[in-house]
Amino acid sequence: MSSCKAVICAGSFDPPTNGHINIIERALRIFDKVIVAVAINTRKAPIFTPGERVEMLKEMFKDEPRVEVDSFKGLLVEYAGKRGITTILRGIRNMGDYEYESQMALANKTLYPDIEIIFMMTEGKYAHLSSSIIKEVIAFGGSGCGMIHPVVEKKLREKLRGEL
Ligand code: ADP
């Protein structure tokens with residue numbers, strides 16, 4: 001019996017970093033398909049529109065047919081249910097992530113018992129990397145080399161130029 005095993009990697013991706021990419025690429029070694037799902041209505045005030053975030057991710061994975069980039073509104077578990085996918089993958093960097101993610105996972109499991117939320121530990125070189133840190137680095141003139149894709153760096157510079 002062959003079945004296509006898909007996983008959802010969800011997040012704000014505001015903007016996507018090499019830490020996100022690393023988790024998605026490693027997920028491709030385990031799953032047949034990775035759906036990268038951009039959250040539209042996060043409580044964080046995003047600097048990129050959902051459309052811009054989707055476009056950046058599509059560009060980054062344009063040569064990987066097993067990655068699909070989508071966006072969703074509302075509860076992640078409901079989105080997963082609508083897509084008929086029962087596995088969600090989240091990246092973990094530190095104890096802060098673990099605490100937040102474990103609470104979310106338990107709440108989601110209560111809402112939707114069929115769902116499995118799995119965690120993947122970041123690689124050491126990305127442990128310090130977050131979307132908010134990279135916004136600070138670029139806003140103050142630093143280089144995003146090794147931290148974000150050149151496409152993201154260009155878009156982030158354009159965006160922050162307008163804001164500073
Ligand atoms: P959210 O607002 O849903 O936390 P993020 O875009 O900040 O969205 O993160 C999406 C997912 O990627 C989360 O599971 C987060 O822990 C993970 N993540 C973010 N940065 C990294 C990183 N540097 N290494 C590994 N996982 C990461």
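**Exercise 1. Ligand contacts**

How far is an oxygen atom of the ligand from an N or O atom in the side chain of R90?

*Solution.* Start with the ground rules. This is a predicted model, where local features need pLDDT of at least 70 and side-chain atom pairs count only at pLDDT 80 or more, while totals for chains, interfaces and linings use all residues. Residues are numbered from 1 along each chain as its sequence is written, and side-chain values use heavy atoms, without hydrogens and water.

Step 1. A polar contact is a pair of N or O atoms within 3.5 Å. For R90 and the ligand oxygen, the distance is 3.1 Å.

Step 2. H20 places a polar side-chain atom 3.0 Å from a ligand oxygen.

Step 3. Now take the area. Alone, the ligand exposes 540 Å², and the protein buries 89% of that (Shrake-Rupley method, 1.4 Å probe).

**Exercise 2. The shell**

Describe the residues around the ligand and the elements that supply them.

*Solution.* Step 1. The ligand is surrounded by 16 residues, and the closest are S12, K44, G91, Y126 and L129 (near: a heavy atom within 4 Å).

Step 1. Sort by class: 5 are nonpolar, 6 polar and 5 charged. Gly counts as polar here; Asp, Glu, Lys and Arg count as charged.

Step 2. Assign elements, which are DSSP runs: helices are H or I with at least four residues, strands E with at least two. Strand 1 (6–11), helix 1 (18–30), strand 4 (87–92) and helix 4 (95–111) each give at least two shell residues. Helix 1 gives the most, with 3 residues.

**Exercise 3. Strand pairing**

Trace the partners of strand 4.

*Solution.* Step 1. Strands pair if DSSP finds at least two bridges between them. Strand 1 and strand 4 run parallel, joined by 2 bridges. Here I8 stands opposite I88.

Step 1. Strand 4 also pairs with strand 5 (residues 116–121), in the parallel sense, over 6 bridges. The bridge partner of I88 in strand 5 is I117.

**Exercise 4. Backbone exceptions**

Inspect the loop between strand 1 and helix 1, where F13 lies.

Step 1. F13 has a positive phi, near 50 degrees.

Step 2. P15 is in this loop as well. A cis peptide bond joins D14 and P15, with omega about 0 degrees.

Technical notes. Polar contact = N/O pair within 3.5 Å; in protein donor to acceptor, adjacent residues only side chain to side chain.
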